[in-house]
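Okay, everyone, thanks for coming.

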Amino acid sequence: MSKFLLRVVLISFSLFVFGNAAAALTENKDYILIKNQPANHENNQGKIEVIEFFSYGCSYCYKLEPEIVSWLAEQPSNVTFKRVAIPRKGKWFAYAKFFYALGMISPTEQTRIMPLIYKAIHEQKLNLEDENELLDWAESENVDRHLLEQFYQSDDVEQQVSQALDLAKSYELQYVPTIIVNNKYQIVLDSTNNYAGTKEKLKELIELAAAND
C-alpha cells in the first residue's frame, strides 16, 4: 500500500471513529454546549481538560464517585483531570478548605483521603462540618495535623476557595456534581441507578472534544 493510500485510510478511520462518538451523543440530552465559555487561564499544553465540581458533603457526588474512579483508571494520556471543591448555599466551606489544605500537603494525600471522607460522611453519617471535628477525624486517618491546621487556616487556602467559587460562577454552575469537558461541554448527569453510564458518556464526550476543538 502506498503512503498516500495509507494516509487516506488512517484519516478515514479517524473520521469514522470520531463521527460515531459524536453521533452517539445528543446535545441537550447527553451534554450542554457552554455558549459563554469563560476564559481558561491555565495552560494545558494542548491536552483536553476535564473538571469535576463537587463537595465531600454532596450525596450525589458520593454516588458519582465510582464512575469517576473507574474512568480515572483508564484516563487517556492526552486528558487532564481537575477536581474543584466548592461550598454550596452557605454550606460545606469547611469541606472545601479541607480539600485544598490536603492538596497543599500533597496531591497523593488528597487522593488517599477522598474515599475515606466520603465513607465517613455518607456511610458512617459523621457530621464533619465542624472544624474541630473535621481536624480530629483527619488526624485519626493519619493526616499530619500540624501541617493540615497550618494550611487550613492559610490565606492560600482561602484564596483557592474564592477562586473555585469564581470559576463556578463563570460557568453559571447550578449544582454539584458538575463535569465540564474542555471548557466547552457540560455533561448531562443522570442520577438514576447511581449515575451508571457516566464513564462511557465522558469517554465519548472527550472524543467529541478531540475531534472538534
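Let's start in helix 4: Arg112 and Glu109 sit three residues apart there, so about one helical turn separates them. Why does that spacing matter? An α-helix has 3.6 residues a turn, so residues three or four places apart point the same way. And here the two side chains do meet, in a salt bridge between Arg112 and Glu109, 2.9 Å from N to O. Glu109 is buried, at 13% relative accessibility, while Arg112 is partly exposed at 32%.

Oh, and keep in mind that this is a predicted model.

Another one of them pairs Arg83 with Glu52, with the closest N and O atoms 2.8 Å apart. That pair links distant parts of the chain: Arg83 is in strand 3 and Glu52 in strand 2, 31 residues apart. Arg83 is buried, with a relative accessible area of 15%, and Glu52 is buried too, at 0%.

Now, helix 5, residues 131–140. Which residues are buried in helix 5? Leu134, Leu135, Trp137 and Ala138. They cover an arc of only 160 degrees around the axis, so they lie on the same side of helix 5. What covers them includes helix 3, helix 4 and helix 6.

Have a look at the start of helix 5 as well: a side-chain oxygen of Asp130 comes to within 3.2 Å of the backbone nitrogen of Asn132. After the helix comes Asn142, with a positive phi, near 70 degrees.

Last stop: Glu139 forms a salt bridge with Arg145, at 3.1 Å between the closest N and O atoms. Shared partners join Asp136, Glu139, Arg145 and Glu149 into one network of salt bridges.

Technical notes: Residues are numbered from 1 along each chain as its sequence is written. This is a predicted model: local features need pLDDT of at least 70, side-chain atom pairs count only at pLDDT 80 or more; totals for chains, interfaces and linings use all residues. Side-chain values use heavy atoms; hydrogens and water are left out. Buried means under 20% relative accessible area, exposed over 50%, partly exposed in between (1.4 Å probe, protein chains only). Helices (H or I, at least four residues) and strands (E, at least two) are DSSP runs, numbered from the N terminus. The arc is that of the directions from the helix axis to the C-beta atoms. Contact means heavy atoms within 4.5 Å. A polar contact is a pair of N or O atoms within 3.5 Å; within protein, one must be able to donate a hydrogen and the other to accept it, and residues adjacent in sequence count only if both atoms are side-chain atoms. A salt bridge is a side-chain nitrogen of Lys or Arg within 4 Å of a carboxyl oxygen of Asp or Glu.
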